[in-house]
Amino acid sequence: MAKIDGFGKRCLLLCLKLPNDEKFGIISQMKKCAISIPSNISEGFGRNGNKEFNHFLGISIGSSCELQTQLILTVKLGLVDNNSIEDLLTSINEIQKMIYTFMKTLN
């Protein structure tokens with residue numbers, strides 16, 4: 001979980017660099033996704049069995065895909081440069097691989 005926690009913090013720090021007029025737009029969406037990834041893993045762990053856990057892991061994957069899109073949009077909109085998100089995108093890919101691998105073990 002430590003890798004995901006560090007990732008969430010880095011994502012929230014990037015949000016601080018974005019313009020205030022995006023507070024209720026892309027910043028809000030990015031924060032929700034960054035928080036949703038570990039939150040759904042935790043919620044799934046607390047559910048009744050592997051089937052439900054797997055479902056919540058799938059939701060985490062969806063949130064990570066949303067966040068990837070939002071990060072890429074910040075570059076395309078000229079809000080940050082590509083270097084600002086490369087590390088985050090790499091981390092998202094690693095997290096997705098870990099979650100997919102874990103989902104396979106639950107099946």
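D87 is partly exposed because its relative accessible area is 45%, where buried means under 20%, exposed over 50% and partly exposed in between, with a 1.4 Å probe and protein chains only. This residue lies in helix α4, and the C-alpha atoms of D87 and R10, which are 77 residues apart along the chain, are separated by 9.3 Å. The model is predicted, so local features need pLDDT of at least 70 and side-chain atom pairs count only at pLDDT 80 or more, whereas totals for chains, interfaces and linings use all residues. Residues are numbered from 1 along each chain as its sequence is written, and side-chain values use heavy atoms, with hydrogens and water left out.

- Helix α4 covers residues 82–106, with helices taken as DSSP runs of H or I of at least four residues, numbered from the N terminus.
- Just after α3, G78 takes a positive phi of about 75 degrees.
- Buried residues of α4 include I85, L88, L89, I92, I95, I99, M103 and L106, and S91 and Q96 are also among them.

**How the two helices pack**

- Helix α3 (residues 50–76) packs with α4 at an angle of about 165 degrees, and their axes are 10 Å apart; axes are lines fitted to C-alpha atoms over the stretch in contact, and angles run from 0 to 180 degrees between N-to-C directions.
- The two helices are therefore roughly antiparallel to each other, a term for angles over 145 degrees.
- By class, the contact of α3 with α4 has 17 nonpolar, 10 polar and no charged residues; Ala, Val, Leu, Ile, Met, Phe, Trp, Tyr, Cys and Pro count as nonpolar, Asp, Glu, Lys and Arg as charged, and the others, Gly among them, as polar.

**Cysteines**

- A search of the whole structure finds zero disulfides, a disulfide being a pair of cysteine sulfur atoms within 2.5 Å.
- C15 is in no disulfide, and the nearest cysteine sulfur, that of C11, is 4.8 Å away.
- C15 counts as buried because its relative accessibility is 4%.
- The sulfur of C33 is 8.3 Å from the closest cysteine sulfur, in C11, which is too far for a bond.
- C33 is buried as well, with a relative accessible area of 4%.

Note on methods. Expected span 1.5 Å × (residues − 1). Parallel < 35°, antiparallel > 145°, perpendicular 65-115°, else oblique.
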